[in-house]
Amino acid sequence: MSSLQRKIGGPALVQHLTRADQLIDDSLLAKHGRSARTLSKEGPLRLTLIALAANGFLPAHSTDGPVTIHVLDGSVTLDVLEQEYQLASGDVLILAAGVPHSAKSAEGVRFLLTVVQPTSAATES
């Protein structure tokens, strides 16, 4: 399943995601407990659909830019600087640049991750 790396060709880009566009690779999800699909990669902006299987886990990490996590379905616990945030469908968590965080999900979750990379990092990728 390929990433959808669509570029903005003008002042705006509307993506009408089909059901197939919103799917996560179930074989990767089963094998690794997580899977991701890039929806857009434009300059400093990264938009990624991420799924964690039941009991799935993302180890601690951080990014050079600010992050938003918007839960689409399921639930997830984010550990941010030794504080836990319980998120459910519809919740949004916003993190400042460089803040370490990890994620785990008891029941499974799909969320939309948005990262804005600093300009120097965005031009290198």
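## A histidine and its neighbours

His 101 touches quite a list of residues: Pro 59, Ala 60, His 61, Ser 62, Leu 78, Asp 79, Val 80 and Leu 95, leaving aside residues up to four places away in sequence. A contact here means heavy atoms within 4.5 Å. Keep in mind that this is a predicted model, where local features need pLDDT of at least 70, side-chain atom pairs count only at pLDDT 80 or more, and totals for chains, interfaces and linings use all residues. Residues are numbered from 1 along each chain as its sequence is written, and side-chain values use heavy atoms, with hydrogens and water left out.

Where does His 101 lie? You'll find it in strand β7, which covers residues 101-105. Strands (E, at least two residues) are DSSP runs, numbered from the N terminus. His 101 is buried, with a relative accessible area of 5%. The cut-offs go like this: buried is under 20% relative accessible area, exposed is over 50%, and partly exposed is in between, using a 1.4 Å probe and protein chains only. The His 101 side chain also reaches the backbone oxygen of Val 99, at 2.9 Å.

## Two salt bridges

How many salt bridges does the count come to? The count is 2, where a salt bridge is a side-chain nitrogen of Lys or Arg within 4 Å of a carboxyl oxygen of Asp or Glu.

One of them joins Arg 110 to Asp 73, with the closest N and O atoms 3.0 Å apart. Arg 110 sits in strand β8 (residues 109-116) and Asp 73 in strand β4, so this pair ties together parts that are 37 residues apart in sequence. The side chains of Lys 104 and Glu 84 also meet in a salt bridge, at 3.5 Å from N to O. That pair links distant parts of the chain, with Lys 104 in strand β7 and Glu 84 in strand β5 (residues 83-88), 20 residues apart.

What about the exposure of the salt-bridge residues? Arg 110 counts as partly exposed at 21% relative accessibility, and Asp 73 is partly exposed at 33%. Over in the other pair, Lys 104 is partly exposed at 41%, and Glu 84 is partly exposed at 45%.

## A closer look at Asp 73

Not counting residues up to four places away in sequence, Asp 73 touches Ser 89, Gly 108, Val 109 and Arg 110. The C-alpha atoms of Asp 73 and Ala 51 are separated by 9.5 Å, and these two residues are 22 apart along the chain.

How values were computed
Helices (H or I, at least four residues) and strands (E, at least two) are DSSP runs, numbered from the N terminus. A polar contact is a pair of N or O atoms within 3.5 Å; within protein, one must be able to donate a hydrogen and the other to accept it, and residues adjacent in sequence count only if both atoms are side-chain atoms.
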